[in-house]
Amino acid sequence: YVTEIISQIKEIISYLPETSVIQLLDSCQKSSEFSLGLSICSIWKRNNKDLANKTALDAIKFLTQLYDFDQAYSLLPEIEDSNEKLLYELNILQHQGKDDLAAEKIQQLLANPLLEKNKFFYIILRNSAHLCSYKEAKENLEECIKFFNNHGTLFERATIYNNISVIQIWHGVETYSEAKNNLKKSISLHQSIQSNEIFEPYCNLSVLHFMEGKYTDAIRYANLALEELPHRLEMDVIILNINQMIFEVALGETDLNALCK
């Protein structure tokens, strides 16, 4: 399917202005057409050498979402140092299980006296919450909310509320209520823009219900997450299916011995 599309639009892409290509790549990102986006990056790079830095950034995003972390990491030297580059580098390192190295780079960033607090800095804070203590993570995420309320999109605000809920779920029962309120905010914002990223707060709400012993509700939200989740995100599909089986075993709908055979 992707090969067919590329063969049809290859010549057109070569002559599109930069703004149109950026919009096209953004559409691929939002529709989870990662292979198509990567192919467009390749065509655009061959025909526009002066935009190699921008092309490499997009290619890294698509490769990461296709779980090709080694190839994504290999493109980093092509990119000038910036908060945006560090954001993608940290994402790759964490997918590779190199949390210690990622945490070290974040501390170096925060210790930089010339630190530029732009959008990508706050996304780094959002994505690194699990590498901090609960208190520090909550303070960082609250700072992110303030920034994105003034400078961000509804989608970005939705992701922050979701991430705050995650640390509140794992902090313990005393913050379950706050987590639920933040998940409701995240879901509402995703619904308002018809974003399929709503699968993330649905997934986390299912986990919260499971932790509360509400197994029927846990299954319900796991199903909602699977309905919204783009199936190209294979790793997330596997995780959600495993969660769903755990919930069904807890509810007595599935026999654990049968699953193990």
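This is a predicted model: local features need pLDDT of at least 70, side-chain atom pairs count only at pLDDT 80 or more; totals for chains, interfaces and linings use all residues.
The relative accessible area of Met245 is 34%. Met245 therefore counts as partly exposed, since that class lies between the buried limit of under 20% and the exposed limit of over 50%.

**Second largest pocket**

The second largest pocket holds about 180 Å³ of space. Its lining consists of Asp81, Ser82, Asn83, Lys85, Leu86, Glu89, Leu109, Asn112, Leu114, Leu115 and Glu116. Helix H6 (residues 83-95) supplies four residues, the largest share of this lining. By type, the lining is made up of four nonpolar, three polar and four charged residues.

**Two loop residues with positive phi**

Tyr67 has a positive phi although it is a residue other than glycine, and Gln194 is likewise a residue other than glycine with a positive phi. Tyr67 sits in the loop between helix H4 (52-65) and helix H5 (69-74). Gln194 is in the loop that runs between helix H11 (176-192) and helix H12 (199-211). The table lists their values.

| Residue | Phi | Relative accessible area |
|---|---|---|
| Tyr67 | Tyr67: near 65 degrees | Tyr67: 23% |
| Gln194 | Gln194: near 55 degrees | Gln194: 77% |

With 23% relative accessibility, Tyr67 is classed as partly exposed. Gln194 is classed as exposed because its relative accessible area is 77%, and the exposed class begins over 50%.

Technical notes
Residues are numbered from 1 along each chain as its sequence is written. Side-chain values use heavy atoms; hydrogens and water are left out. Buried means under 20% relative accessible area, exposed over 50%, partly exposed in between (1.4 Å probe, protein chains only). On a 1 Å grid over the protein atoms alone, a cavity is a set of points where a 1.4 Å probe fits but cannot get out, and a pocket is an open set with protein on both sides within 12 Å along at least five of seven lines; lining residues have an atom within 4 Å of a point. Grid points are joined across faces, edges and corners, and a volume is the space filled by probe spheres set on the points. Ala, Val, Leu, Ile, Met, Phe, Trp, Tyr, Cys and Pro count as nonpolar, Asp, Glu, Lys and Arg as charged, and the others, Gly among them, as polar.
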